[in-house]
Amino acid sequence: MRARELGLPLTGRTGPHNAITDVPGVTVGYTTLIEGDAVRTGVTAILPRPDAEVPCAAGWFSLNGNGEMTGATWLTETGALRLPVLITNTHAIGPAHRGVIDWANRDKPAVAREWLLPVVAETWDGYLNDINSPAVQPWHAVAAIDAARPGPVAEGSVGGGTGMNCYQFKGGSGTSSRLVDHGPDTYTVGAFVQANFGARKELTVCGVPVGAALAADNPMQDSEWRVPPGAGSVIAVIATDAPLLPGQCTALARRVPLGLARTGTTGSHFSGDIFLAFSTGNPGALSVGAPSGPPGYEQLRFLPWNRLDDVFAAVVYAVEEAVLNALVAADTMIGRDGHRSPGLPVADMLGLITAAGRPRSA
């Protein structure tokens with residue numbers, strides 16, 4: 001079940017799968033690790049293009065830097081992204097980074113002969129997962145990349161989102177998309193989130209503050225573990241086929257917090273909130289590797305800055321729905337030391353929205 005299928009009054013027109021994979025060429029793959037009583041983790045891979053040798057325009061933004069996204073300084077320097085983007089747990093950044101290099105060495109040797117600065121991001125799953133264990137290995141990252149496919153995307157407790165919590169409910173992986181018209185052309189904006197943030201009291205669904213009324217079952221708040229409310233982090237990846245400049249991609253990444261805020265969060269010091277946006281337009285431009293052939297020029301076609309408001313709005317609404325999809329899809333999970341993360345009580349949530357007078361679609 002997904003948020004839109006529940007009849008929630010969500011804004012905007014989606015692509016066919018309501019997923020980041022609605023952007024042509026973008027694929028998503030997972031490795032999910034659930035082993036014994038203590039391993040609840042995994043790796044998510046997002047491939048911007050089928051051919052990692054062709055860079056995309058890209059930008060990034062940090063709302064709160066209590067987290068990590070490798071490769072960010074190179075994105076700032078060049079505005080160009082190539083290679084798969086991986087998301088995992090905080091202490092698995094190293095193995096996932098190595099896995100991207102191993103994959104490139106196997107499948108993209110021309111790229112691997114140059115320097116590699118993969119983008120690997122993380123959120124903390126230590127409440128449910130034995131995060132200090134060596135559960136995630138480089139081959140798990142390779143397997144996630146190999147599993148990347150277009151089409152529908154699994155959500156909830158899968159991939160890097162396996163052990164994550166959101167608003168002190170079970171969270172994880174979520175995605176959504178929006179269609180944006182630009183004259184005779186229609187472009188897609190897709191969002192993917194690894195949702196692991198928010199205090200229970202903050203949760204807001206379609207403008208209705210429901211968190212306080214759903215406070216009864218909150219093991220994270222009541223246990224001796226004492227995870228600070230709002231802790232954990234959120235990573236968001238925004239993709240679009242609209243042709244954009246790198247600086248415009250950064251502007252898209254800066255809109256992600258507006259979508260998160262629509263779900264209630266005020267942004268915790270204990271949450272690393274880091275966002276990446278890329279455009280698959282202008283294939284063949286933005287060369288960043290070793291030069292070859294005679295000197296030449298590149299050209300970028302891009303939407304005018306004064307025509308980007310609809311694209312910005314698409315980011316906001318897609319991020320909001322991606323978070324709700326992660327919550328709706330995730331079931332109750334028990335992990336390390338018997339720690340329990342309850343699934344969102346969907347029926348109770350819908351009752352609160354109906355009582356607030358918000359109309360629901362059929």
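This is a predicted model: local features need pLDDT of at least 70, side-chain atom pairs count only at pLDDT 80 or more; totals for chains, interfaces and linings use all residues.

Visitor: Okay, what does Glu155 pair with?
Guide: Its side chain meets that of Arg2, at 2.8 Å from N to O. Glu155 sits in the loop between helix H4 and strand S7, while Arg2 is in the segment before strand S1, so the bridge ties together parts 153 residues apart in sequence.

Visitor: Is Glu155 buried or exposed? And Arg2, buried or exposed?
Guide: Glu155 has 13% relative accessibility, and because buried means under 20%, Glu155 counts as buried. Arg2 is at 17%, so Arg2 is buried as well.

Visitor: What about Glu321, which Arg does that one meet?
Guide: Glu321 bridges to Arg4, with 2.8 Å between N and O. That pair links distant parts of the chain, with Glu321 in helix H7 and Arg4 in the segment before S1, 317 residues apart. Glu321 is buried at 0% relative accessible area, whereas Arg4 is partly exposed at 27%.

Visitor: Switching to helix H2: how far apart are Asp102 and Arg98 in that helix?
Guide: They're 4 residues apart, so about one helical turn separates them. Their closest N and O atoms are 2.9 Å apart, in a salt bridge. Asp102 is partly exposed at 30%, and Arg98 is partly exposed too, at 42%.

Visitor: Which residues are joined into one network?
Guide: Arg4, Arg178 and Glu321 are, through salt bridges that share partners.

Key: Residues are numbered from 1 along each chain as its sequence is written. Side-chain values use heavy atoms; hydrogens and water are left out. A salt bridge is a side-chain nitrogen of Lys or Arg within 4 Å of a carboxyl oxygen of Asp or Glu. Helices (H or I, at least four residues) and strands (E, at least two) are DSSP runs, numbered from the N terminus. Buried means under 20% relative accessible area, exposed over 50%, partly exposed in between (1.4 Å probe, protein chains only).
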